[in-house]
Amino acid sequence: MSITLFSTNAFGEKCTSSFSKSFSISSDVGFGNKYIKSLSNDFKKYGVCIVEKSKGHPTRLGQQSLRFEVKPGDCGYNNGWNDCKKDRERHELSGDKHEDGEYWYAWSIYLPKDFKNVFPTKLAMGQFHQSKSHVVWMFQNSSGGYHIDNQVNGYTQYEMEVLEAKDMFENWNDILVNANWTHTNKGFFKVWINGKLVLNHSGQTKKEGKKVYQKFGIYRSYMKRFKNYKKTDKVPGQVVYFDEVRTTKSCKKLKLDELGYNCKDLKNKMN
């Protein structure tokens, strides 16, 4: 059994504890899912924190948000994987594994003014992964902005930019996903950005027999690409904020009206 603990630093942030594999988000930050730390060994205390609006941190709604930070050299490990040996760095949270069927996911993301793009190092800020298999959908920064990467077949089938870089800085963007997880052609993966439908994929969304789970935070791959390109020995640190991270089986239960959206209107945009 894992025990969730928090440590408090001088800024009043509720951060992760090195003694726990899990991390509990507050109801002010989100609902509908339980999270563990992706690669919990050597996961730094500042890796993910629940921070306060009163302390100067941005929030999408309410008084709290989630702050992720990766500094040069932040590479965790577990029994089956070691980021340090794979030229990767990360601080991510990983949600429950979901059976086949329809799910709704919502989250809001914010990049601070001093956020540094690290392209050509690959930066993922969210992904839908499969148990003991490859990632199927990835949300990444790429050369800037916010990109959706379809990897259902185990490789990039297509990548599309859904937000430009200029729209990410010092600005909250709301992401909504409606997915039917299945290996058949009856699957779908739909994405709205700030209420606008940007992707309406139909067909296979996962492999047969695999469960899908959401991961989000900061995940950087192939650090040497940036180091070689910039002729430096380290990749700049990064901070990303998330808020209103919600998971349900229906649109209505997401309570999107709190964010200024209406399920009926969103669904109408699919027609």
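Contact here means heavy atoms within 4.5 Å. Keep that cut-off at hand for the tour. The model on screen is predicted.

**Stop 1: Ser108**

Select Ser108, which lies in strand β8. Is Ser108 buried or exposed? Ser108 is buried, because its relative accessible area is 1% and buried means under 20%. Now show what surrounds this residue. Neighbours within four places in sequence are left aside; beyond them, Ser108 is in contact with Arg60, Trp172, Asn173, Asp174, Tyr241, Phe242, Asp243 and Glu244. Pick out Asp174 from that list. The side chains of Ser108 and Asp174 make a polar contact at 2.6 Å.

**Stop 2: the cavity**

Rolling a probe the size of a water molecule over the atoms shows where empty space is left. How many cavities of 30 Å³ or more are there? The count is one. The volume of the largest cavity is about 100 Å³. Its lining has 15 residues, and the closest to the centre are Asp174, Ile175, Leu176, Leu256 and Tyr261. Select those five and look between them. Next, colour β8 (101-110), β13 (173-181) and β14 (188-193): these elements each give two or more residues to the lining. By residue kind, the lining holds ten nonpolar, three polar and two charged residues.

**Stop 3: Thr205**

Move to the loop between β15 (196-202) and β16 (212-221), where Thr205 is found. Thr205 counts as buried, because its relative accessibility is 0%. What does the side chain of Thr205 reach at 2.8 Å? Draw the line to the backbone oxygen of Asn180. Then show the wider surroundings. Again leaving aside neighbours within four places in sequence, the contacts of Thr205 include Val136, Trp137, Val152, Trp181 and Phe188. Gly187 and Phe189 are also among them.

**Stop 4: the open sheet**

Strands of a sheet pair through backbone hydrogen bonds, either parallel or antiparallel. Select the seven strands of the open sheet in this order: β4-β7-β16-β9-β10-β11-β12. Their pairing is antiparallel. Which strands stand at the edges? They are β4 (36-37) and β12 (158-163). Each has a single partner strand, so one side of each is left without a neighbour in the sheet.

Zoom in on β11 (residues 146-150), which runs antiparallel to β12 and is joined to it by five bridges. Select Ile148, then look across to β12: Met160 stands opposite.

Definitions and conventions. Residues numbered from 1 in each chain as written. Predicted model: local features only at pLDDT ≥ 70, side-chain atom pairs only at ≥ 80, totals over all residues. Heavy atoms only, no water. 1 Å grid on protein atoms, 1.4 Å probe; cavity = no way out; pocket = protein on both sides within 12 Å on 5 of 7 lines; lining within 4 Å. Points joined across faces, edges and corners; volume = space filled by probe spheres on them. Helix = DSSP H or I, 4+ residues; strand = E, 2+ residues; numbered from the N terminus. Nonpolar A, V, L, I, M, F, W, Y, C, P; charged D, E, K, R; others polar. Pairing = 2+ DSSP bridges. Buried < 20%, exposed > 50% of the residue type's maximum accessible area, 1.4 Å probe, protein only. Polar contact = N/O pair within 3.5 Å; in protein donor to acceptor, adjacent residues only side chain to side chain.
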